[in-house]
Amino acid sequence: MRDKKQDRQQLYSDAYFEKGHWGLKIRQTLIGLLGWICVFVPVIITVLSFWASYNPKIIHLWSYNEGIFEIKFIGVLLLFAFVLVSLFAVGMTIIQNRKRDRVVEQWPTFNPINQRKRETQLGKFMDERFGDQEFRENVRHYQVKPEQNLDTDQIHQLYE
């Protein structure tokens, strides 16, 4: 029997996290740091310039009236968007909680005892018809014989 770790297939690889590849690691780290610098520097400049328009002790990197007006305008837009998103999130939470209280928690959607019996019956039926579960889950190619095909209502009859 093979080890479970061997059965797992690795679906990705990343040379950055493998041993070695120092040139790649240094280059990608520097590019990542440069990207974050390109994000933070304009934000810091904008915040300091906006703050400097109200406090003369702060260094004025730029003080265009149009820029200050645009920052205020974007702030109002973002505040409006935040209020709308918050109202939507709270509303959806209330609706989902009410729905859960009314529908989901009133009655179980299935009978757990009958469900377990059905799973057992179906498992036995599939084992007899197509082989044991481990074989079915690990085989790459399987050709179904004509006599193994299921009738339209065969599973329904099995449950009855």
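Reader: What makes Glu-119 count as partly exposed?

Author: In this predicted model, Glu-119 has a relative accessibility of 41%.

Reader: Why is the pair Arg-116 and Glu-119 called a salt bridge?

Author: The closest N and O atoms of Arg-116 and Glu-119 are 2.9 Å apart. The cut-off is 4 Å between a side-chain nitrogen of Lys or Arg and a carboxyl oxygen of Asp or Glu, so the pair qualifies.

Reader: How are Arg-116 and Glu-119 placed in helix H4?

Author: Helix H4 covers residues 112-130, and the two residues are three apart in it, which means a separation of about one helical turn.

Reader: Why does Arg-116 count as exposed?

Author: Its relative accessibility is 54%. Exposed means over 50%, so Arg-116 belongs there.

Reader: How many salt bridges does a search of the whole structure find?

Author: The search finds three. One of them joins Arg-136 to Asp-127, with the closest N and O atoms 2.8 Å apart.

Reader: What makes Arg-136 and Asp-127 partly exposed?

Author: Arg-136 has 30% relative accessibility and Asp-127 has 36%. Both values lie between 20% and 50%, so both residues count as partly exposed.

Reader: How do you know that Asp-101 and Arg-100 form a salt bridge?

Author: Their closest N and O atoms are 3.8 Å apart. That is within 4 Å, so the pair meets the definition. Asp-101, at 44% relative accessibility, is partly exposed, and Arg-100, at 37%, is also partly exposed.

Note on methods:
Residues numbered from 1 in each chain as written. Predicted model: local features only at pLDDT ≥ 70, side-chain atom pairs only at ≥ 80, totals over all residues. Heavy atoms only, no water. Buried < 20%, exposed > 50% of the residue type's maximum accessible area, 1.4 Å probe, protein only. Helix = DSSP H or I, 4+ residues; strand = E, 2+ residues; numbered from the N terminus.
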